[in-house]
Amino acid sequence: MNPEAESTASTQLPRSPLPRHVAIIMDGNGRWAETRGLPRLEGHREGAKSVRDVVRAARRSGLEALTLYAFSAQNWARPSEEVTGLMELLRDYLIDERPEIIENGIQLRAIGDIDRLPALVRAPLDALSTDSAANSDMVLNLALSYGGRESIAAAAQRLAKRVAAGELDPGDLDVEQFGAEMPTAKLPGLDLLIRTSGEQRISNFLLWEAGYAELYFTEVLWPDFRKEALADALEEYQTRERRFGLTGAQIESGDLAP
Ligand code: IPE
Ligand code: IPE
Ligand code: MG
């Protein structure tokens with residue numbers, strides 16, 4: 001380290017730890033293609049390369065969980081050729097990346113209405129989920145046919161059934177109980193939510209889970225979002241002070257008792 005860098009480092013505030021769980025709204029594939037005069041599907045194809053690069057970088061950085069919004073419940077309404085193309089890309093990803101995912105100790109999971117996916121995706125998805133289930137170095141969680149509202153409604157439905165069956169007292173239904181019913185319950189809490197392509201909205205992603213996540217919006221389109229862009233997001237996260245409703249002084253003193 002040169003002396004100048006050292007003095008800069010020593011005057012910096014202590015950095016927060018790395019996020020444990022990062023989620024990404026991978027947006028902008030269509031615009032990436034359209035500005036090049038290419039069909040939208042070419043943008044999705046290039047976006048799949050970003051997925052490969054970012055998953056690899058996330059694993060190397062030591063993240064515990066990475067949730068990727070790959071296809072929303074609302075994306076089914078896109079033109080059928082685009083939906084079909086996306087499903088085929090997803091199948092290719094699951095088949096091509098299988099060896100690397102297994103070798104790198106990555107556990108693949110999926111959230112969303114998985115039953116709605118075509119068999120060509122379901123088969124490699126189920127196989128990889130099963131065969132990587134014992135891996136523990138990082139969870140790669142794919143949100144497929146996923147909607148945050150849908151996932152909350154489904155959780156409410158399951159809980160209501162338990163109440164109707166007399167297994168659960170409605171008075172016991174608190175935030176913890178409800179959270180345990182969410183499909184992300186086994187993952188660390190969401191620390192950082194990234195959205196690419198300049199849009200500043202959640203688009204029905206992890207609505208429950210994002211309650212206290214740090215939000216990071218970047219103009220970079222998803223096909224251009226590679227490991228360097230992930231490093232920038234992680235660096236920005238580490239400058240944030242997460243207060244969870246407390247005062248800055250409480251956080252700084254480490255006195256977090258209520
Ligand atoms: C994100 O890119 C990928 C999916 C939603 C599947 P888009 O396809 O939404 O790209 P834009 O927003 O049209 O540029
Ligand atoms: C969100 O992007 C869904 C995914 C990235 C899979 P969209 O492009 O579908 O979101 P809107 O339509 O801009 O809100
Ligand atoms: Mg979009």
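User: Which residues are around ligand 2?

Analyst: A word of care comes before the list, since this is a predicted model. The general idea is to collect every residue that has a heavy atom within 4 Å of the molecule. In this case the residues around ligand 2 are Ile 25, Met 26, Asp 27, Tyr 69, Ala 70, Phe 71, Ser 72, Asn 75, Arg 78, Arg 195, Arg 201 and Ser 203.

User: Which side chains have an N or O atom or a polar atom placed close enough to an oxygen atom of ligand 2 to count as a polar contact?

Analyst: Here the cut-off matters, because a polar contact is a pair of N or O atoms within 3.5 Å. In the side chain of Ser 203, an N or O atom is 2.5 Å from an oxygen atom of ligand 2. For Arg 78, a polar side-chain atom is found 3.2 Å from an oxygen atom of this ligand, and for Arg 195 the separation between a side-chain N or O atom and a ligand 2 oxygen is 3.4 Å. As for the cover that the protein provides, ligand 2 on its own has 390 Å² of accessible area, of which the protein covers 77%.

User: How many residues surround ligand 1, and which are the closest?

Analyst: Ligand 1 is surrounded by 13 residues, and the closest of them are Asp 27, Gly 30, Arg 31, Arg 40 and Arg 78. This shell divides into three nonpolar, five polar and five charged residues. Among the polar contacts, a polar atom in the side chain of Arg 78 is 2.7 Å from an oxygen atom of ligand 1, while the side chain of Asp 27 places an N or O atom 2.8 Å from an oxygen of that ligand. Gly 28 takes part through its backbone, with an N or O atom 3.4 Å from a ligand 1 oxygen. Taken alone, ligand 1 exposes 380 Å², and the protein buries 87% of that area.

User: Which elements give two or more residues to the shell around ligand 1?

Analyst: They are helix H2 (29-34), helix H3 and helix H4 (80-96). Of these, H2 gives the most, with three residues.

User: Where do ligand 1 and ligand 2 sit?

Analyst: Rolling a probe the size of a water molecule over the atoms shows where empty space is left. In this model, ligand 2 sits in the largest pocket, and ligand 1 likewise sits in the largest pocket. That pocket holds about 720 Å³ of space. It is lined by 32 residues, and those closest to its centre are Met 26, Asn 29, Tyr 69, Ala 70 and Asn 75.

User: How many cavities of 30 Å³ or more does the structure hold, and which residues line the largest cavity?

Analyst: A cavity differs from a pocket in that the probe fits inside but cannot get out. The structure holds one cavity of 30 Å³ or more, and the volume of the largest cavity is about 50 Å³. Its lining is made up of Arg 52, Val 55, Arg 56, Tyr 93, Glu 97, Glu 100, Ile 101 and Ile 106. Helix H3 (40-61) and helix H5 (98-103) are the elements that give two or more residues to this lining, with H3 giving the most, three residues. The lining of the largest cavity contains four nonpolar and four charged residues, and no polar ones.

Conventions. Residues numbered from 1 in each chain as written. Chains lettered and ligands numbered in written order. Predicted model: local features only at pLDDT ≥ 70, side-chain atom pairs only at ≥ 80, totals over all residues. Heavy atoms only, no water. Polar contact = N/O pair within 3.5 Å; in protein donor to acceptor, adjacent residues only side chain to side chain. Areas by Shrake-Rupley, 256 points an atom, 1.4 Å probe, with all protein chains shown as cover. 1 Å grid on protein atoms, 1.4 Å probe; cavity = no way out; pocket = protein on both sides within 12 Å on 5 of 7 lines; lining within 4 Å. Sits in = over half its atoms within 2 Å of the grid points. Points joined across faces, edges and corners; volume = space filled by probe spheres on them. Helix = DSSP H or I, 4+ residues; strand = E, 2+ residues; numbered from the N terminus. Nonpolar A, V, L, I, M, F, W, Y, C, P; charged D, E, K, R; others polar.
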